[in-house]
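Have the viewer open as you read.

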Amino acid sequence: MKKLMIVALMTLCGVTTLLAQKTVVSQKAQQEDPFTVVEQMPEFPGGMEGMMTFMKDNMKYPEDAEKQKVEGRVLVQFIVEKDGSLSNVKVLRSVFPSLDAEAVRVVKAMPKWKAGRQKGEPVRVKYTIPIMFKLK
C-alpha cells in the first residue's frame, strides 16, 4: 500500500512539473511575440532615404507586368528581429503576382536593420512598408 501511495505521489509531482514547464514555455512564447509599436522603432541603415536608394538600385520591374502596363502599391509585412535581420516576409495587399514576388524578393535582399527597442532592450517588431510600382 505504501509503494502504491509513493508511486501516486511521484506521478502527481511529475504531472505538476510538466504543467509548470508548459506554463513557462507558453509565457516565453508570448513574450517573443513581435511588437507593433515600440519606444524606438526599427530603422533601415541610412533611414528612409537609404531605403529608397536601396529600392531604386535593387528593384526590377517584371517584364510581364510591364507588358500588361500593371502598376500599383504592394504592402509587404515582415518582422525585424532582435539582431536586425528580417523574417516572416509576406504580402498584405497584392497587386499582381510578379509585382508581389518582386516586392518580397527586394525586402528579403535588404541588409540588417537597426533593431527596435523597448525599455532599452532589442525586441522583435512587426513592420509594414508600401512598395510602389509605377511605369515611366
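By class, how many nonpolar, polar and charged residues does the lining of the second largest pocket have? It has five nonpolar, no polar and four charged residues, where Ala, Val, Leu, Ile, Met, Phe, Trp, Tyr, Cys and Pro count as nonpolar, Asp, Glu, Lys and Arg as charged, and the others, Gly among them, as polar.

Heads-up: this is a predicted model, so local features need pLDDT of at least 70 and side-chain atom pairs pLDDT 80 or more, while totals for chains, interfaces and linings use all residues. Numbering runs from 1 along each chain as its sequence is written, and side-chain values use heavy atoms, with hydrogens and water left out.

**Second largest pocket**
- Its volume is about 160 Å³.
- Among the lining residues are Glu-66, Lys-60, Lys-134 and Lys-136, along with Met-59 and Met-132.

**Largest pocket**
- This one holds about 240 Å³ of space.
- Met-59 and Met-132 turn up in the lining here too, with Met-48, Lys-56 and Thr-128 also included.
- Helix H2 (47–58) and strand S5 (125–133) are the elements that each give two or more lining residues.
- S5 supplies the largest share, six residues.
- The lining splits into ten nonpolar, one polar and one charged.

**Glu-81**
- You'll find Glu-81 in the loop between strand S1 (72–80) and strand S2 (86–93).
- Glu-81 counts as buried because its relative accessibility is 18%, under the 20% cut-off (1.4 Å probe, protein chains only).

Terms used
On a 1 Å grid over the protein atoms alone, a cavity is a set of points where a 1.4 Å probe fits but cannot get out, and a pocket is an open set with protein on both sides within 12 Å along at least five of seven lines; lining residues have an atom within 4 Å of a point. Grid points are joined across faces, edges and corners, and a volume is the space filled by probe spheres set on the points. Helices (H or I, at least four residues) and strands (E, at least two) are DSSP runs, numbered from the N terminus. Buried means under 20% relative accessible area, exposed over 50%, partly exposed in between (1.4 Å probe, protein chains only).
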